[in-house]
Structures are given as structure tokens and as C-alpha cells.
Amino acid sequence: MPLILQRLQQATKMMSRRKILLLVLGCSTLSLFIHQGAQLSWYPRLFPLSCPPLQDSPPRPKHMTVAFLKTHKTAGTTVQNILFRFAERHNLTVALPHPSCEHQFCYPRNFSTHFVHPATRPPHVLASHLRFDRAELERLMPPGTVYVTILREPAAMFESLFSYYNQYCPAFRRVPNASLEAFLREPEAYYRAGEHFAMFAHNTLAYDLGGDNERSPRDDDAYLARLIRQVEEVFSLVMIAEYFDESLVLLRRLLAWDLDDVLYAKLNARAAGSRLAAIPAALARAARAWNALDAGLYDHFNATFWRRVARAGRACVEREARELREARERLLRRCFGDEPVLRPAAQIRTKQLQPWQPSRKVDIMGYDLPSGGAGPATEACLKLAMPEVQYSNYLLRKQKRRGGVRARPEPVLDNPPPRPIRMLPRGPQGH
Ligand SMILES: Nc1ncnc2c1ncn2[C@@H]1O[C@H](COP(=O)(O)OS(=O)(=O)O)[C@@H](OP(=O)(O)O)[C@H]1O
């Protein structure tokens, strides 16, 4: 017998049976702990070991019919641009407004299929401003269309509305020194329900969603609950502007799109000098109180949004949002130079990239192509930063050509709507 085995035999004899039993028990407990470790609840829940892959396997086909309700001042132009580019890449038809509605579906009137240019029907994608009307949209969009929309925190949204529409909305124009604080101190002194563009000054989200923006949840909270139910019945996803990248992750998962399909450049942002750096707490409270219906909608759908993120796996969503941000930064550098910056319209030489300016007091920023920008990526880069008005006009021309509509005269609407805001003439010193 080898020496080592003889020594072992001697050692075993020296140990009591009780000690051997304890040793065996200890080893089994350690082994059980090691093997079960991966399923112990704290670790996997915080850091899931595997997220669903970016590509589904087996892959679901990309969903091709989408109606996006573009609410006002909620990052909707950026989402619209994502959808327009997706539609072009996949040769899809985009519903576009009749020319007398300009680039909006005759907002603020209730949406009607009559507002849709015939050369853009039947559509796969719809993403221009409109006031929601379920029956009319269902008449236009094919069955199986996925409806999505986006909301923004009401105080930030109201500050943006107040600044952007200051010259156009009479309720805002009446306020001395264009002071948001003065308006919110006594909104009833300036606001007249029912007058032109009043919806930009009171519960704009509720109005855009087809609701009655004059209702107050304080007097009638059943109305808010009803409106929420109606929105939930139709919209498969309500995105949240404050969590834009996480929203896009949920969108791309819902539609089985690739991460590349939701890359974007931020559009329609005001310059730092045209906005409040921070909204003081008292002002934010007043904005939420005045827009209580919007605040109720936002609070509800913000909570729903996070429940949805939790269902998808928060760490997975965050990881994908990080990947999206990194890919987006690479794309912006490739398109707009090593240090891509948002610049005021006056500094943008490429005409197709100059954003519309609402007034001389508000600067809307955009990107420009580097000088002499040419090459295969230029067309894609141009579209990435193309503002809403130029992109809508471009798509309408393209789709009319495709449908052979060019030679036919434009049909005329029976009851043309008031001219939408973005087509009002600019001041002589406008950009
Ligand atoms: N990606 C992303 N994330 C967060 N916020 C974003 C994003 N893209 C645009 N924005 C901000 O959205 C505001 C413009 O909204 P819209 O494009 O919906 O405006 S409009 O109604 O079409 O005129 C505008 O807000 P303000 O700058 O406060 O006016 C933009 O800065």
C-alpha cells in the first residue's frame, strides 16, 4: 500500500466518527451554496445575468404600421423624424396633411380623414400633429396599427409652450413682459376658454388626446379616470419625454425594430438663452395646478411607464438605453463632425436644416453638415437632422411623384382651416 494511503488510514482512525459526520455535513452545505448561488434572489434581481438579445430569435418581423400621436412640446418632432426615416428606409407610405393644413392635420380641429393628402393613402405610418379622434384614425389606418404617443412633465412642457407660442396665443400675449410667473399667478385674468389657440394655454396634452381641456380633476375626478381609460384602450405605449432613451427601448421592443431604427438627433430644442435654466418649485406647482388634467395624465402614465420598464427588466432596459446613447454619439460624430453641436438657425448654412423660428425672441437650434459634406452618408445625415416642415414637404413631394399625382390639380378642401402656426409669416428680422 502506498505510504500516503497508510497515513490517511491512520488519521481516519484517530478522528472520532462525530468529527467525520460534521466534515461531510459542512462540505455538502458549501457545495449546495455554491450551486444555488446564481438563483439567490438579490443578485439576479439587481443584475440579471442575461437580458433578452437585441435581435429576437426566432426574429419577429418588424411591425410596419404605426400611428404616433404627436403631442405639443413633448419631443414629438424627434420621434416623428425617427418614424419618417424608418418609413423611407422600408419604402412605407406616410400619411401627410393636405396642403391647406400645411404640415399639421388641420390642428386644432378634430382629426378627419379629409385632412389627409390622397397621394399619402393608404398609409403605414402617421406622425404629424393632430387632435386625436379614434374613429377617424381607425378609418384611415390599417387594422393592426400600433398607436403610440408621448407625454412630458407638465411644468416643463408649459414653460416650453409659453415661450414657443408667446406671440400666437392671445392668453400669453396679454401677459405683461411675457412673464410666466405673472400668468401663473392669476391665469384666469389672461385666459379665455374657446378663443383662438386657447388650447396652448390650458391642458394641452388633454386637448391633443381628444379630451376636454377645460375639465378640472378637482371638480370632476371621474373625468380624468375616463380619459385615462380611453387612452389606455387605444395606445400600446405612452412614452415619457424625460426618459426618452428608455422610451425608445420600449418602442423598439414593442415594434420588433432594431436599435439602429431608433437612433436620433435631438430636434426642435430651444437655445439656453430662450428658456428658463430651472423652473422654481413654486412656479412648477402653479403650472401643475393650472394644468391639473395634464398633471393627472402625466402622473398616471409615468407610473405605468416604470411598471412596464420593471416588467421588461429595468437593468436590461438601462443597458440597452446606454447602448443606444453610445451608438447615437458615434452617429452624430460621423454626421456632424468630431464635436457635433446644436447651433442657432442663423449659423446653419444648409437651408434644408434650418429650423423654423417661432419669433425673434426664441431661438430653435439645429445641426449643420460639416462644410463640403458629401459622400454616401450625407443623405442619411441630412434626414437625421431635418426639421419637421422641410421633411414633411420633402416626403409629400416624393410620395406624390411615386403616386403619379404631379399632373393632377390639388383637391381643395370645402372648409379650409385657419393657417397653422408654423406657416405664419416671420418678422423681418426672423431667421
Ligand atoms: N430627445 C429628446 N429628449 C428630451 N427632450 C427633447 C428631445 N428632443 C426634443 N426635446 C425637447 O422637446 C421640445 C420640442 O418638442 P416638440 O418637438 O414636440 O415640439 S412641437 O410641438 O413639435 O413644436 C423641446 O423642448 P424645449 O427646448 O424645452 O422647448 C426640445 O428641447
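## Disulfides and a helix contact in a predicted model

Two disulfides are counted in this predicted model, a disulfide being a pair of cysteine sulfur atoms within 2.5 Å. Residues are numbered from 1 along each chain as its sequence is written. Local features need pLDDT of at least 70, side-chain atom pairs count only at pLDDT 80 or more, and totals for chains, interfaces and linings use all residues, while side-chain values use heavy atoms, with hydrogens and water left out.

| Disulfide | S to S distance | Torsion about the S-S bond |
|---|---|---|
| Cys 101 to Cys 106 | 1.9 Å | about -70° |
| Cys 335 to Cys 381 | 2.0 Å | -75° |

The torsion of about -70° makes the disulfide of Cys 101 and Cys 106 left-handed. Both Cys 101 and Cys 106 are buried, where buried means under 20% relative accessible area, exposed over 50% and partly exposed in between (1.4 Å probe, protein chains only).

The link of Cys 335 and Cys 381 is likewise left-handed, at -75°. This pair connects distant parts of the chain: Cys 335 lies in helix α14 (residues 314–336) and Cys 381 in helix α15 (residues 376–384), 46 residues apart. Helices (H or I, at least four residues) and strands (E, at least two) are DSSP runs, numbered from the N terminus. Cys 335 has 4% relative accessibility and therefore counts as buried; Cys 381, at 4%, also counts as buried.

Cys 169 takes part in no disulfide, and the nearest cysteine sulfur, that of Cys 106, is 19 Å away. With a relative accessible area of 0%, Cys 169 is buried.

Helix α14 also packs against α13 (residues 292–312), at an angle of about 95° and with the axes 5 Å apart. Axes are lines fitted to C-alpha atoms, for helices over the stretch in contact, and angles run from 0 to 180 degrees between N-to-C directions. The angle makes α13 roughly perpendicular to α14 (65 to 115 degrees; under 35 is roughly parallel, over 145 roughly antiparallel, the rest oblique). Trp 306, Val 309, Ala 310 and Ala 312 of α13 meet Arg 314, Cys 316, Val 317 and Glu 318 of α14, contact meaning heavy atoms within 4.5 Å. By class, six of the residues in this contact are nonpolar, none polar and two charged (Ala, Val, Leu, Ile, Met, Phe, Trp, Tyr, Cys and Pro count as nonpolar, Asp, Glu, Lys and Arg as charged, the others, Gly among them, as polar).

The chain averages a pLDDT of 86, with 79% of the residues scoring at least 70; pLDDT is the predictor's confidence in each residue, from 0 to 100. Over residues 27–49 the pLDDT is below 50, and this stretch has seven contacts beyond near neighbours in sequence.
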